[in-house]
Amino acid sequence: MLAGNGLVYPVLGFASCVAFIYMSLGDLRFTFQQPKMGFVERNGTHFFVDGKPLYVNGWNSYWLMDQAVEEFSRPRVRAMLQAGAKMGLTVCRTWAFNDGSYNALQISPGHFDERVFKALDRVIVEARKHGIRLILCLVNNLHAFGGKAQYVKWAWEGGVALSSSNDSFFFDPSISKYFKTYLKTVITRKNSISGIEYRDDPTIFAWELINEPRCASDASGNTLQDWIEDMARFVKSIDKKHLLTVGLEGFYGPTTPGKLSLNPGEWASEVGTDFIRNFKIPNIDFASVHVYPDHWIAGQELEDQLKFIYKWMKSHIDDGDKELRKPVLFAEFGLSNRNKNFQPSQRDTFYKAVFDIIYKSVRKNRSGAGALAWQFMAGGMEDYNDDNGIVPWDRPSMYRLITQQSCRLAAIRRGKDSKARNFEEAC
């Protein structure tokens, strides 16, 4: 018995020691395996990583979190991020929200589905694995995936709403409290796979407060301006490491009357946004602009659309240089396949026009920092498509065009950083 116990105790002691070390370091084991990444920073009108410039050629896949929930659809997430890396793309913009609908992240105010949160965890880890950074959008102005209307509905059903108007999202104190709870929960989330809090994860390029905000009930722009200032201040109080933006479409407002003629129509100055004023807010790090001439101006021929985007993009790059002194990211651009006499080659022409403007801006060291196509999908995702969606590898000319833009931007960056990632395979 003595001999037996003498053997057992050292073995138990060793096992206990191993267990203690494992439990102490267990949360770190995934962190060490992840590729190294630095946080994206802003210096004047440019993005930088580790002191070197970052030029953005990227895309939108709003659906990543949703498709990462179920096991059968998760391969689409990996396929999309792998394809993005092979094309030399650096940034993907995606939804970090789904409010009250199918596969909802936020089931009701302040109540979250851990299953869906783990899906977002997977997206972030998978993106980092492929060297892709993410812009995470935090709520929708539109109804899709809940949006501001869902917050208003929750407040109304809870008997605390000031109004049933969807625009009350921007001024109702109860709704602001709901949204701030959501913001804090997401930003401080500890990734269940990597063990890293989102606010400490450099995979996240930036937070985007809201997609395409409009507040037509106050055309002066004061309501939306106050909301952006309040929410930006709140986010920065929690997370000082990440950049922050607002997903504006880029419409000029009352404070810049000389620029109203550049809008796609008179209506655009009456939706409660004000590009220059909104992006002068100190806590907002860079400007966002969308490019949809065929949606905004009915019946235009492609040639007229190309003239519009040249003026539209050039004006906003001028604003970044002279007024804002911040980078300008064209965070959505696309061409509808529902246009009269649409041909896929027209989309190639449209993309090339956007890419050429960005390339020229980068070459001249101006504020036009990059563009994100709307939207890319994997195969078999027809239900997630809209009239702008493409599977880029299904059309060789488009795949080549996207990759060439990555290579052009990489060639400029390579002069300053010979170790730029994601470009060796593409170029």
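At 46% relative accessibility, arginine 325 counts as partly exposed; by the rule used here, buried means under 20% relative accessible area, exposed over 50%, and partly exposed in between (1.4 Å probe, protein chains only). The model is predicted, so local features are reported only at pLDDT of at least 70 and side-chain atom pairs only at pLDDT 80 or more, while totals for chains, interfaces and linings use all residues. Residues are numbered from 1 along each chain as its sequence is written, and side-chain values use heavy atoms, with hydrogens and water left out.

Arginine 325 is placed in the loop between helix 11 and strand 12 (328-333), where helices (H or I, at least four residues) and strands (E, at least two) are DSSP runs numbered from the N terminus. Its phi is near 55°, a positive value in a residue other than glycine. Aspartate 50, also not a glycine, has a positive phi of about 55°. This aspartate belongs to the loop between strand 2 (46-49) and strand 3 (52-54), and at 57% relative accessibility aspartate 50 counts as exposed. A further backbone feature is the cis peptide bond from tryptophan 374 to glutamine 375, with omega near -15°. Glutamine 375 lies in the loop between strand 13 (368-373) and helix 13 (396-414).

Confidence was examined through pLDDT, the predictor's confidence in each residue, from 0 to 100. The chain average is 91, and 90% of the residues score at least 70. Over residues 1-32, pLDDT stays under 50, and the model has 10 contacts for this stretch beyond four places in sequence, a contact meaning heavy atoms within 4.5 Å. Where pLDDT is low, the predicted coordinates should not be read in detail.

The whole structure contains 25 salt bridges, each defined as a side-chain nitrogen of Lys or Arg within 4 Å of a carboxyl oxygen of Asp or Glu. One of them joins the side chains of arginine 93 and glutamate 208, at 2.7 Å from N to O. Arginine 93 lies in strand 5 (residues 91-95) and glutamate 208 in strand 9 (residues 204-211), so this pair ties together parts that are 115 residues apart in sequence. Arginine 93 is buried at 0% relative accessibility, and glutamate 208 is buried at 1%.

In another salt bridge, the closest N and O atoms of lysine 280 and glutamate 323 are 3.7 Å apart. Because lysine 280 lies in the loop between helix 9 (275-279) and strand 11 (287-291) and glutamate 323 in helix 11 (residues 302-324), the pair ties together parts that are 43 residues apart in sequence. Lysine 280 is partly exposed, with a relative accessible area of 46%, and glutamate 323 is partly exposed at 42%.

Helix 11 also holds both lysine 314 and aspartate 318, which are 4 residues apart, about one turn of the helix. Their side chains meet in a salt bridge of 3.2 Å, N to O. Lysine 314 is partly exposed at 37% relative accessibility, whereas aspartate 318 is buried at 15%. A network of salt bridges links Lys314, Asp318, Asp321 and Arg366.

The count of aromatic pairs comes to 35. Rings of Phe, Tyr and Trp (its six-membered ring) pair if their centres lie within 6.5 Å; planes under 30 degrees apart count as stacked, over 60 as edge-to-face and the rest as tilted. The rings of phenylalanine 169 and tryptophan 227 have centres 5.6 Å apart and planes at 45°, so the pair is tilted. Phenylalanine 169 lies in the loop between helix 6 (147-157) and helix 7 (173-187), and tryptophan 227 in helix 8 (residues 222-238), 58 residues apart. Both residues of this pair are buried.

Tryptophan 227 also pairs with phenylalanine 179: the ring centres are 5.9 Å apart and the planes are at 25°, so this pair is stacked. Phenylalanine 179 is in helix 7 and tryptophan 227 in helix 8, so the pair ties together parts that are 48 residues apart in sequence. Phenylalanine 179 is buried, with a relative accessible area of 0%. One aromatic cluster includes Phe169, Phe179 and Trp227, and among its other members are Tyr151 and Trp154.
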